[in-house]
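Have the viewer open while you go through them.

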Amino acid sequence: MPTIRVIDSHTGGEPTRLVLDGGPDLGEGPLEERVRRFREHFDAYRSAIVNEPRGSDTLVGALLVKPHRADCALGVIFFNNVGYLGMCGHGTIGLIASLSYAGDLAPGAIKIDTPVGAIEASLSADGEISVDNVVSYRSARQLAVNVPGIGEVIGDVAWGGNWFFLISQHDQIIDLQHVDALTDFTWRVRAAINAQGHPLVDHIELFAPSLKPGAHSRNFVLCPGKAYDRSPCGTGTSAKLACLAADGKLLEGDSWVQESFIGSTFVGRFRWRDRAKGEIVPTITGTAHVTGETVLRLDPKDPFCWGIRA
Ligand code: PYC
């Protein structure tokens with residue numbers, strides 16, 4: 001019977017399932033090509049690994065692959081309940097914590113290939129993990145989106161390894177009691193911004209002041225498969241840093257402490273890559289905890305062997 005060996009972890013509450021063996025063989029070539037192969041020929045593996053009954057809507061999968069870029073030591077492709085991610089910040093922190101747990105990684109820095117560019121992760125002796133993410137930038141400032149049933153919503157469009165619409169002006173209450181209302185609001189906003197000429201925006205991010213000492217902001221991030229990110233979202237925080245940098249609200253090297261919807265935090269910093277173009281290299285710092293080591297069984301007699309798919 002085919003099996004898949006995984007290590008599970010969570011980063012600030014958001015789970016990652018790292019596939020060590022038994023995943024699909026995507027061959028060689030640039031990782032953006034291998035993602036296409038994954039989607040077109042092996043998508044059932046994605047569903048088997050992260051969807052119910054083995055997983056859940058919040059789970060992000062990480063497939064370890066051989067890197068294509070010569071300066072990278074390993075490659076990774078992230079996926080979720082509905083598809084594939086360009087990059088994943090919490091997932092990279094989970095990947096590093098899991099490799100360290102497995103005895104495959106010592107403290108230090110490692111360059112990692114992803115479908116959207118090379119990143120660098122550093123593991124410190126105390127378990128803290130920092131990720132120098134792909135170049136991030138804002139592509140639209142204060143864009144007005146007409147959302148049916150809600151009205152005009154204003155936000156910024158930014159890239160942080162995935163595309164985000166970032167909204168600070170809203171009347172939503174960002175706490176756990178309001179999760180249904182927040183999901184409904186952000187899901188409608190996503191449909192409207194997609195319809196309004198931004199089809200690639202698949203993460204919607206709301207911000208509010210944080211009550212946590214030391215934190216600069218609290219967020220709610222709706223992911224493409226309609227689950228909210230339990231972590232502060234590494235790529236979402238990168239997109240936020242790009243907006244703050246462009247607005248002159250955060251200086252190069254200064255810290256931005258982003259609190260998640262459930263109270264976990266990432267520390268974000270940036271350095272300019274090209275100030276004139278508003279391009280930054282964000283660094284996201286956090287920690288992850290290993291929650292399990294599992295061998296998934298692909299039982300051909302199981303009617304839900306390949307996961308429950310919409
Ligand atoms: O941390 O970048 C992130 C992320 C994306 C989706 C879920 N988490």
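1. A quick definition before anything else: a cavity here is a set of grid points, on a 1 Å grid over the protein atoms alone, where a 1.4 Å probe fits but cannot get out, while a pocket is an open set with protein on both sides within 12 Å along at least five of seven lines. With that in hand, the structure holds one cavity of 30 Å³ or more. Keep in mind that this is a predicted model.

2. How big is the largest cavity, by volume? It comes to about 160 Å³. Its lining takes in 21 residues, and those nearest the centre are Glu14, Val60, Leu85, His203 and Cys223. Two elements, α3 and α5, each give two or more residues to that lining. Sorted by class, the lining of the largest cavity has 10 polar residues, eight nonpolar and three charged.

3. Where does the ligand sit? In the largest cavity. The elements that supply two or more residues to the shell around the ligand are α3 (89-101) and α5 (234-246). The shell itself consists of Glu14, Cys88, Gly89, His90, His203, Cys223, Asp229, Cys233, Gly234 and Thr235. By class, that makes five polar, three nonpolar and two charged residues around the ligand.

4. Now the polar contacts, worth a look if you plan to set up the ligand yourself. On the backbone side, an N or O atom of glycine 89 is 2.8 Å from a ligand oxygen, and a polar backbone atom of glycine 234 is 2.7 Å from an oxygen of the ligand. Threonine 235 uses its side chain instead: a polar atom there lies 2.7 Å from a ligand oxygen. As for cover, the ligand has 240 Å² of accessible area on its own, and the protein covers 99% of that.

5. On to the open spaces. The largest pocket holds about 420 Å³ of space. Its lining has 22 residues, with Arg39, Tyr84, Leu85, Gly86 and Asp202 closest to the centre. Elements giving two or more residues to this lining are α1 (31-41) and β5 (84-85), and α1 has the largest share, with four residues.

6. What is the volume of the second largest pocket? About 310 Å³. Of its 21 lining residues, Asp156, Ser168, Lys240, Asp247 and Lys249 lie nearest the centre. Two or more lining residues come from each of β9 (137-147), β10 (151-159), β11 (163-167), β12 (203-208) and α5. The lining of the second largest pocket divides into nine nonpolar, six polar and six charged residues.

7. Two backbone details to check before you run anything. Glutamate 52 and proline 53 are joined by a cis peptide bond, with omega at about 10°; proline 53 lies in the loop between α2 (43-50) and β3 (60-65). Then there is glutamine 142, in strand β9, where phi is near 50°, a positive value in a residue other than glycine. Strand β9 is also one of the elements that line the second largest pocket.

Technical notes. Residues numbered from 1 in each chain as written. Predicted model: local features only at pLDDT ≥ 70, side-chain atom pairs only at ≥ 80, totals over all residues. Heavy atoms only, no water. Near = heavy atom within 4 Å. Polar contact = N/O pair within 3.5 Å; in protein donor to acceptor, adjacent residues only side chain to side chain. Areas by Shrake-Rupley, 256 points an atom, 1.4 Å probe, with all protein chains shown as cover. 1 Å grid on protein atoms, 1.4 Å probe; cavity = no way out; pocket = protein on both sides within 12 Å on 5 of 7 lines; lining within 4 Å. Sits in = over half its atoms within 2 Å of the grid points. Nonpolar A, V, L, I, M, F, W, Y, C, P; charged D, E, K, R; others polar. Points joined across faces, edges and corners; volume = space filled by probe spheres on them.
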